[in-house]
Amino acid sequence: GILGITKILVLDLSHNPDLTGELPKASIVQWPDSKYLSILNTSITGYISSLCIDMPFCWRFMFDTHKDLTWATADDIPDIVVATLELALANA
C-alpha cells in the first residue's frame, strides 16, 4: 500500500473530487522525509483530512505536531503545546 513508499517527499492528490478513502495516520511516522501533502478538493476522510482538507499545501508541521485543537478542552491539549505557549508568554 501507500505506506510502503517510505521515501516520499511530496504527495499531491489535489483536485480529484472522486478520490475517496483515508490517508493512514501511520503515514506521519512512515514518511519522515515528507515536506507537504495536498488533498484539497478530494473526498479523503480521517485524521489527516481533518487537518489538511482545506489547505492547498499542508506542510509537515501542520499535520505531525498535534491534532486539531479548535474545540479542545484543557485535557485534550498536549504538553508540547502548553510548553510552547508558556515559552511564548515568558518571552513576550
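A residue counts as buried when its relative accessible area is under 20%, as exposed when it is over 50%, and as partly exposed in between, using a 1.4 Å probe and protein chains only. The structure is a predicted model, in which local features need pLDDT of at least 70, side-chain atom pairs count only at pLDDT 80 or more, and totals for chains, interfaces and linings use all residues. Residues are numbered from 1 along each chain as its sequence is written, and side-chain values use heavy atoms, with hydrogens and water left out.

Arg 60 is considered at the outset. Its relative accessibility is 17%, so Arg 60 is buried. Arg 60 belongs to helix H3, which covers residues 60-64. Helices (H or I, at least four residues) and strands (E, at least two) are DSSP runs, numbered from the N terminus. A polar atom of the Arg 60 side chain lies 2.9 Å from the backbone oxygen of Trp 31. A polar contact is a pair of N or O atoms within 3.5 Å; within protein, one must be able to donate a hydrogen and the other to accept it, and residues adjacent in sequence count only if both atoms are side-chain atoms. Contact in general means heavy atoms within 4.5 Å. Not counting residues up to four places away in sequence, Arg 60 touches Ile 28, Trp 31, Pro 32, Ser 34, Lys 35 and Tyr 36.

Ser 34 also approaches Trp 31. The Ser 34 side chain reaches the backbone oxygen of Trp 31 at 3.1 Å. Ser 34 sits in the loop between helix H1 (27-30) and E3. With 6% relative accessibility, Ser 34 is buried. Neighbours within four places in sequence aside, Ser 34 is in contact with Ile 8, Leu 9, Arg 60 and Phe 63.

Empty space was examined next. Rolling a probe the size of a water molecule over the atoms shows where empty space is left. On a 1 Å grid over the protein atoms alone, a cavity is a set of points where a 1.4 Å probe fits but cannot get out; lining residues have an atom within 4 Å of a point. Grid points are joined across faces, edges and corners, and a volume is the space filled by probe spheres set on the points. The count is one cavity of 30 Å³ or more. The largest cavity has a volume of about 30 Å³. Its lining consists of Ile 8, Leu 9, Val 10, Leu 11, Trp 31, Ser 34, Tyr 36, Leu 37 and Phe 63. Strands E1 (10-12) and E3 (36-38) each supply at least two residues of this lining. By class, the lining has eight nonpolar, one polar and no charged residues. Here Ala, Val, Leu, Ile, Met, Phe, Trp, Tyr, Cys and Pro count as nonpolar, Asp, Glu, Lys and Arg as charged, and the others, Gly among them, as polar.

A disulfide is a pair of cysteine sulfur atoms within 2.5 Å. The count is one disulfide. Cys 52 and Cys 58 form this bond, with their sulfur atoms 2.0 Å apart. The torsion about the S-S bond is about -45 degrees, so the disulfide is left-handed. Cys 52 has a relative accessible area of 0% and is buried. Cys 58 is buried too, at 0%.

Backbone angles come last. Most residues other than glycine have a negative phi. His 15, not a glycine, has a positive phi near 60 degrees. His 15 lies in the loop between E1 and strand E2 (16-22), and is exposed at 52% relative accessibility. Asn 41 has a positive phi of about 65 degrees. Asn 41 lies in the loop between E3 and strand E4 (42-45), and is partly exposed at 39%.

Definitions and conventions:
On a 1 Å grid over the protein atoms alone, a cavity is a set of points where a 1.4 Å probe fits but cannot get out, and a pocket is an open set with protein on both sides within 12 Å along at least five of seven lines; lining residues have an atom within 4 Å of a point.
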